[in-house]
Amino acid sequence: PTVATATGVSHSLCWGASQTGFDRGHPAAIGFFKIVGPGTTTAFSCTLGEACTLVLTGGGFDGDNGVLIRASGEVCTAPIAVSSVPSWSGLVHPTTPDFANNYTYAMGLPLSGPLGTGFAVCWAYAGGAGLSPSLYYSPAGFLSMSGPQAAATPFVCFVGALCELQFSGSGLAANSRLLIAEGADADCSSSPSPTVFNGLTNPRTAYVADPRVFKLGRPVIGGGDVTENYTLCWGAGITGSHTR
């Protein structure tokens, strides 16, 4: 017989008195069994300000399963500490699958948190928020999280001078855009209206040659308050949600 590897498929369980019995005799069929869970490791990708959905490959999934994301560079089978579970604002994990599709996980809308590649996506047969993170030991894939890194200090532009902002981050694309919203605490996820500044393009798409850079223009007196602080909102595309 061939060795069972496929997930979600019933396999025959055969018994023989010895290895010789398998090779030369007639093993007895004593039942069936099924391997359930992720069949392959998948490369997942999510972006700040966009809905994050993971679709697993494999078989035998049900609504009691769950997934957990571990820190970049870790593996699901290694011992886990609380510090190994990364946190994103707006993204929920560990979590159970969608009611209609047991292989689909709607993780939420991440707005801020760690960026980069290699976050381990770990699966458990009996998952959910109450299960210890150490029991999510089946590898389902790896996650990359793209977006800008929130600046530690405010950006400053001057009236009459070219206003050019450069961000750091991961996976930044040329079709992303930047919007200046009024007020230092504007809610970027609620589609804020752009503030009008004469001489500035707002919102502005990223510079094609370097998607970290936004060339907003040269502000002049008139429109906008030069004494007020504003919120910078970033979006992965021309339309869609924004993140601070």
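The points below describe the disulfides of this predicted model.

1. The overall count comes first. A search of the whole structure finds four disulfides. When the bonded cysteines of the chain are numbered in sequence order, they pair as 1-2, 3-4, 5-6, 7-8.

2. One of the disulfides joins C46 to C52, with 2.0 Å between their sulfur atoms. The angle about the S-S bond is 70 degrees, and this link of C46 and C52 is right-handed. C46 is buried, as is C52.

3. C76 and C122 form another disulfide, in which the sulfur atoms lie 2.1 Å apart. The link of C76 and C122 is left-handed, with -90 degrees about the S-S bond. This pair connects distant parts of the chain: C76 belongs to the loop between strand 7 (66–72) and strand 8 (89–91), whereas C122 belongs to strand 10 (residues 116–124), and the two are 46 residues apart. C76 and C122 are both buried.

4. A further disulfide is formed by C188 and C233, whose sulfur atoms are 2.1 Å apart. The link of C188 and C233 is left-handed, at -75 degrees about the S-S bond. Distant parts of the chain are again linked: C188 lies in the loop between strand 14 (177–182) and strand 15 (204–205), C233 lies in strand 17 (residues 230–235), and 45 residues separate them. Are C188 and C233 buried or exposed? Both C188 and C233 are buried.

Conventions
Residues are numbered from 1 along each chain as its sequence is written. This is a predicted model: local features need pLDDT of at least 70, side-chain atom pairs count only at pLDDT 80 or more; totals for chains, interfaces and linings use all residues. Side-chain values use heavy atoms; hydrogens and water are left out. A disulfide is a pair of cysteine sulfur atoms within 2.5 Å. Buried means under 20% relative accessible area, exposed over 50%, partly exposed in between (1.4 Å probe, protein chains only). Helices (H or I, at least four residues) and strands (E, at least two) are DSSP runs, numbered from the N terminus.
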